[in-house]
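Here are a few friendly notes to read with the structure open beside you. Take the points in order and find each residue as you go.

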Amino acid sequence: MAASATEVPKREFRGAWLHTVYQDGYARRTTEQNRRWLIVQLDSLQEAGINAVIFQVRPSADALYASKYEPWSKFLTKGGKAPAPYWDPLEFMIEQCHARGMELHAWLNPYRATTSSKEKLPSAHPAASHPERMIRFDKKLYFDPALPENRKLIVDVVSDIVSRYDVDGIHFDDYFYPYPVRGQKFADDRSYRRFGNGMSRGDWRRHNVDLLIESVSEAIRNIKPWVRFGVSPFGIWRNARTDPSGSQSSGLQNYDDLYADVLKWAREGWIDYQMPQLYWTLENKVAPSMHLAQWWSENAFGRHIYIGQDVDRTMQNPDIPPYADQSQLRHKIEITRENDNIQGSCFWPGYYVTENHGGIADSLAADLHAFAALVPDYPWLGGQTPRAPRGLSVNGRLLSWDSSPVRMSVDDVTRYVVYCFEENDEIDLGDPSAIMCVTPACQYSIPEDIPRGSIFIVTALNRVNAESGPSEFITY
């Protein structure tokens, strides 16, 4: 049974991660095959109600876009050379996502420089040109987070993307200092002696990451203040047995093991959303996602929380008693919707959604995402409420309205929301079932099954998703 409009929120982040690391399919396909394949992915995600795509464009100090700082990614092409025939995956994904009314967040791994010990690096790769700035750990190379020149490079890379591409967000994943490996040490003694300034090793490492996050945030704000900066941390900040303010869990800790004090970043206003990876089942003994979701909501510090959901564990495990669903999907989504400090979810991996793994796409489209949702707004990023669209007209089955000028400002109108009400319906713009589409275009083709006498209304969204008041009504 499909969810009712009162159960499906009008505002909800519905994201999907599309990773490129360890994905050799991109390199095997031709340019045209890649484009067609990504169109299929986006069409499938749109049908499942996804409204934001997190697309990985810097998996390991390389680029799935035209970068002057780093070579083309080995996951797309060989030898650091540009793809032939030429295409820019980031540019393509921005165009395709925006055409569907979806957001595109560019996903970067900040510190990973290689993914294996056998890589032959092109000369333009930072690990090849500056090996002295790297630390080898677990058969991979990592940027030394203590070095100012490494932080500067990462800030320059982000600034370049934000300056040249119309991204909606910059997204960092959970890899800060690398995940611990038994018997191995992250060899930063030399940097610690040079920069430690009497701090404990842990505090010093956290300070290094803090400096990067603050610098990236400042750079984004100075270039395009409407571009969101988000992080998807590991799902545990600290356990309560380590810190009374931590969660009732007993797993690895962001603060102590990855040296990522993500709560500080939210508290300081450096990031706009946290997307904790609660990839466990609801009742997992080490890390119960149902309790962790509540903990994260209590530590939002006025920023958005979106829950990272693992598709496989969610769809392959039955719900907990007394619930009787064959998967935990509905229960997990209900937890996010019942909590005012959680504004949505993001699904890992997005390819599992497009493959309908465990029936997730069907469940989302028919039920939990039965109606369209607007991405939540970000009022702290500024901007004014947009002016309502003007000049609505109907010619045959084509609804159109006047366009708004684009001035590269937070107040630019980037999308429109088309609402439809039957002749005798109550006009309620809070009802998501009335949303026909979210579109960047200034026109909408009215479906043949819409009855004559229906009423259309259009609103405008600015770059931080603030919605205008309604346009004039027009009868079809």
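1. A residue is called buried when its relative accessible area is under 20%, and partly exposed when the value lies between that and 50%. Please keep in mind that this is a predicted model.

2. Let's begin with the aromatic rings. The whole structure holds 30 aromatic pairs. Trp 17 has 2% relative accessibility, so it counts as buried. Trp 348, at 23%, counts as partly exposed.

3. Now look at Tyr 65 and Tyr 165, another edge-to-face pair, 5.9 Å centre to centre with 85° between the planes. Tyr 65 is in the loop between β2 and α3, Tyr 165 in the loop between α5 and β6, and they are 100 residues apart. Both Tyr 65 and Tyr 165 are buried.

4. Next, a hairpin. Strands β4 and β5 pair in the antiparallel sense over 4 bridges, and Phe 137 stands opposite Lys 140. Two residues lie between the strands, and Asp 138 has a positive phi near 55°. From β5, Lys 140 and Tyr 142 point one way, Leu 141 and Phe 143 the other, and all are buried.

5. Finally, charges over rings. The charged end of Arg 112 sits over Tyr 175, 5.4 Å from the ring centre. Arg 206 lies over the face of Tyr 255, at 3.9 Å from the ring centre.

How values were computed
Residues are numbered from 1 along each chain as its sequence is written. This is a predicted model: local features need pLDDT of at least 70, side-chain atom pairs count only at pLDDT 80 or more; totals for chains, interfaces and linings use all residues. Side-chain values use heavy atoms; hydrogens and water are left out. Buried means under 20% relative accessible area, exposed over 50%, partly exposed in between (1.4 Å probe, protein chains only). Two strands pair if DSSP finds at least two bridges between them. Rings of Phe, Tyr and Trp (its six-membered ring) pair if their centres lie within 6.5 Å; planes under 30 degrees apart count as stacked, over 60 as edge-to-face and the rest as tilted. A charge sits over a ring if NZ of Lys or CZ of Arg is within 6 Å of the ring centre and within 35 degrees of the ring normal.
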